[in-house]
Amino acid sequence: MTRTQQRSRLDAVREHVRSHGRRWTVAKGAIVEALISTDCHLSVQQVHDRVTTRFPQIDRSTVHRVLLTLAEEHVVHVLGKQGEARYGMADQPHHHAVCARCGQEAEIPSTAVAPALTAAAAATGFSFDTGSITLTGLCETCRAAS
Ligand SMILES: [Zn+2]
Ligand SMILES: [Zn+2]
């Protein structure tokens, strides 16, 4: 994703939040920016690490609180696998790949899975929930180590 794309994604999220009558704060902007700049889902600590490079005044408990608010506003969603909660952007539909060994997560764009879902629906006569699919496996690092 280019800088311009990241910027317009951030603008769209800010509009979404404001159009629901919610506050847009410096901390919110910094946290959303940190999440947009990665394709992964980050723990509170990881978000905090990224945010403080530019905003050292934002503490860890603020990051946690703002992430929960953003989840309420449907800007981020929470993955609770493997102990610690991880937060990812929810503004673009995606599925998840999770490493069974180390718990690392990656986003799978919906478009990558859509043809398979269509074929699966045709084969079974089912209509599937459009929510997110989690595929488990081994990440690159764990595959290399085994
Ligand atoms: Zn996600
Ligand atoms: Zn792994």
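Beyond its neighbours within four places in sequence, Val47 is in contact with Ile31, Ala34, Leu35, Leu42, Val63, Leu67 and Tyr87; two residues are in contact if their C-beta atoms, placed from the backbone, lie within 7 Å. This is a predicted model, in which local features need pLDDT of at least 70 and side-chain atom pairs count only at pLDDT 80 or more, while totals for chains, interfaces and linings use all residues. Residues are numbered from 1 along each chain as its sequence is written, and chains are lettered from A and ligands numbered from 1 in the order in which they are written.

Val47 is also among the residues with the most contacts inside the largest nonpolar core, together with Ile31, Leu35, Val63 and Leu67. This core has 18 residues; a nonpolar core is a set of buried Ala, Val, Leu, Ile, Met, Phe, Trp, Tyr and Cys residues joined through C-beta atoms within 7 Å. Two or more core residues come from each of H1, helix H2 (26-36), helix H3 (44-51) and helix H4 (60-72). H2 gives the largest share, five residues. In soluble globular proteins, nonpolar side chains tend to be buried together.

## Chain and domains

The chain holds six helices and five strands, in the order α-α-α-α-β-β-β-β-α-β-α from the N terminus. Helices (H or I, at least four residues) and strands (E, at least two) are DSSP runs, numbered from the N terminus. Of the 146 residues, 18% count as buried; a residue is buried if 20 or more other C-beta atoms lie within 10 Å of its own, exposed if 12 or fewer, and partly exposed in between, with C-beta atoms placed from the backbone. The C-alpha atoms fill a box of roughly 50 × 40 × 30 Å along the principal axes.

An automatic or database domain assignment gives the bounds of domain 1 (3-89) and domain 2 (94-145). Their centres, taken over C-alpha atoms, are separated by 23 Å. Eight residues from domain 1 and six residues from domain 2 take part in the contact.

Helix H1 (residues 3-19) has 17 residues and should span 24 Å at 1.5 Å a residue, which agrees with the 24 Å between its end C-alpha atoms. The expected span is 1.5 Å times one less than the number of residues. Just after H1, Gly21 takes a positive phi of about 70°.

Glu33 lies in helix H2. Glu33 counts as partly exposed because it has 17 C-beta neighbours inside 10 Å. Glu33 and Met89 are 56 residues apart in sequence, with 9.9 Å from C-alpha to C-alpha.

## The three-stranded sheet

Three strands form an open sheet of mixed pairing in the order S4-S3-S5; two strands pair if DSSP finds at least two bridges between them. Strand S4 (105-109) and strand S5 (134-137) are the edge strands, each pairing on one side only. Neighbouring strands are turned by 25° against each other on average, direction ignored.

Strand S3 (residues 94-99) pairs with S4 in the antiparallel sense over five bridges. His95 has Ile108 of S4 as its bridge partner, and His94 stands opposite Pro109 in S4. Five residues lie between the strands of this hairpin, in which Gly103 takes a positive phi near 85°.

Helix H5 (residues 110-124) packs on the sheet, touching S3 and S4, and its direction makes about 65° with that of S4. Axes are lines fitted to C-alpha atoms, for helices over the stretch in contact, and angles run from 0 to 180 degrees between N-to-C directions.
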